[in-house]
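Work through each task before reading its solution.

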Amino acid sequence: MSVIHPSEIEFIAEDELIKVTPRFREQRLQMITGNFGPFAPGVPLKIPIWMALNLKNRGLVIVHQPKWMTEEKLKEWLESENADNTNAIAPLHYHYREISRMLLQNCRDNMSDITEIEQLVEDIWNVRISKLKMSCKNVMKTRWQMEIPDHGGVFKIDNFTQMEVNFIRGTFLKGLNLSFVMSNKITTIEQKAEQHMLGDTTNSSATVPTGSSAMSQFTQSQNQN
Amino acid sequence: MSDLGIVDDQSASYLDIDDILMTENKISCRARYDLVDLELRRTAEDFHEGKKVDLPIWMAMRLNEFFRHEIPKQYNTHFQGILNADPEVVNLHKEGPKYFAMGLQLTSENFDFADDEDIINMCQTLLQASARRVSWISDMAAADHYQQSKVDSKLDDMEKEMYAKAISERKSWEDWTRGMSNRLTESKFIAKSRKRKRDALAQKNN
């Protein structure tokens, strides 16, 4: 079973665009992932996060705080997450966890409310993960309860990000596979047990000819009489 | 042994070390007929009908025609009741370190226990216990203060592997949140060899 490291998902998240203000002048750059426009000092533009972090570390750029990463918006999100007990709310950004970690670690000087944002992102993460774990537990419960649940055993989870799904991937898939192995075993044994019982009825049907021969003898004797 | 399906696969389980260890477990068997001059225990002996003997599973499976098998104590109805009541508390390491694998093995065709119903019930108990314990293990691995040795002593081999994987996943997650994934660290192999070299040099000077 494949194991995906969190840093690999972070790598995928680094392709997201973020608004920066460059401090240098450069022509239009043509890269594999796209073309990034002429850089003029003081003129904001959007570039991928990997490029932004690299330029920031060289002091060539100022990174702006993304629009969704403000204290008010995150607080609102946290409240709506807390309000709904079972389902997750659509996230403000699909890679909120990775982006917040990268920006808060590398680009602290241009951000506001850093500690609050860190705390809020952690809280949001904890709430969503607990919901996800709850639904995993429910799935495992239906595995051993032997009755097919109403929706036929097909589960759907909405609004969870890649990072959260990866968090539970390892143990959940293992447990699920284990339960599949066991229930396959149970069905094969039950089928065999049914065959054994059917085998008994074939044995009893083997006695029927002798019974019918006794009957035929009886009718013959009756006819004789 | 993380993939229990290997128990059924004849060719794959032949060389699997976990399967070999599991089939070494003994089962008490009763002779069906009068068997004369068998060398099951290194000496030729006679088994009169109904004599009890403990055979390892791999042997008992093949001698199915001559021996009647009994379900071992840790899979019988009484123990099933205990497992059904509260599977998280039972110490499965004590009941044979490969509890689930052996349970699956006992359901294979070669065994001829008294009742089909018993086997079905045992399998269902195993399924239920495994599902509940897996949830419990994942909770334990994610708990704030996890103590690996305490929980480990109660898990059987397959669960131990699962638990170790969960712990290592959690550790790599925590490393990532603190931003330490991107650091380059010295490989353990190199560190050990350097330490030994330094010790050897120090000894030579002394």
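The exercises below concern a predicted model, and each comes with a worked solution.

**Exercise 1.** Work out how helix 1 and helix 4 of chain A are oriented toward each other, and which residues meet.

*Solution.* 
- Step 1: Locate helix 1 at residues 6-13 and helix 4 at residues 96-106 of chain A.
- Step 2: Take the geometry: the two helices pack at an angle of about 85°, and their axes are 9 Å apart.
- Step 3: Angles of 65 to 115 degrees count as roughly perpendicular, so helix 1 and helix 4 of chain A are roughly perpendicular to each other.
- Step 4: List the contact: helix 1 of chain A brings A:Ile9, A:Glu10 and A:Ala13, which meet A:Glu98, A:Arg101 and A:Met102 of helix 4 of chain A.
- Step 5: Sort the residues of this contact by type: three are nonpolar, three are charged and none is polar.

**Exercise 2.** Describe the span that UniProt annotates at residues 16-63 of chain B.

*Solution.* 
- Step 1: An unreviewed UniProt entry names this feature "domain: DNA replication complex GINS protein PSF3 N-terminal".
- Step 2: In the model, the span is 38% strand and 27% helix, and its end C-alpha atoms lie 22 Å apart.

**Exercise 3.** Trace the open three-stranded sheet of chain B.

*Solution.* 
- Step 1: Its strand order is 4-1-5, with antiparallel pairing.
- Step 2: Strand 4 (52-56) and strand 5 (67-69) of chain B are the edge strands, each pairing on one side only.
- Step 3: From one strand to the next, the twist averages 45°.
- Step 4: Strand 1 (residues 26-31) of chain B pairs with strand 5 of chain B over three bridges; in strand 5, B:His69 is the bridge partner of B:Cys29.

Notes
Residues are numbered from 1 along each chain as its sequence is written. Chains are lettered from A and ligands numbered from 1 in the order in which they are written. This is a predicted model: local features need pLDDT of at least 70, side-chain atom pairs count only at pLDDT 80 or more; totals for chains, interfaces and linings use all residues. Side-chain values use heavy atoms; hydrogens and water are left out. Axes are lines fitted to C-alpha atoms, for helices over the stretch in contact, and angles run from 0 to 180 degrees between N-to-C directions. Helices (H or I, at least four residues) and strands (E, at least two) are DSSP runs, numbered from the N terminus. Angles under 35 degrees count as roughly parallel, over 145 as roughly antiparallel, 65 to 115 as roughly perpendicular and the rest as oblique. Contact means heavy atoms within 4.5 Å. Ala, Val, Leu, Ile, Met, Phe, Trp, Tyr, Cys and Pro count as nonpolar, Asp, Glu, Lys and Arg as charged, and the others, Gly among them, as polar. UniProt positions are given in the numbering used here, feature names are shortened, and annotations may be inferred rather than shown by experiment. Two strands pair if DSSP finds at least two bridges between them.
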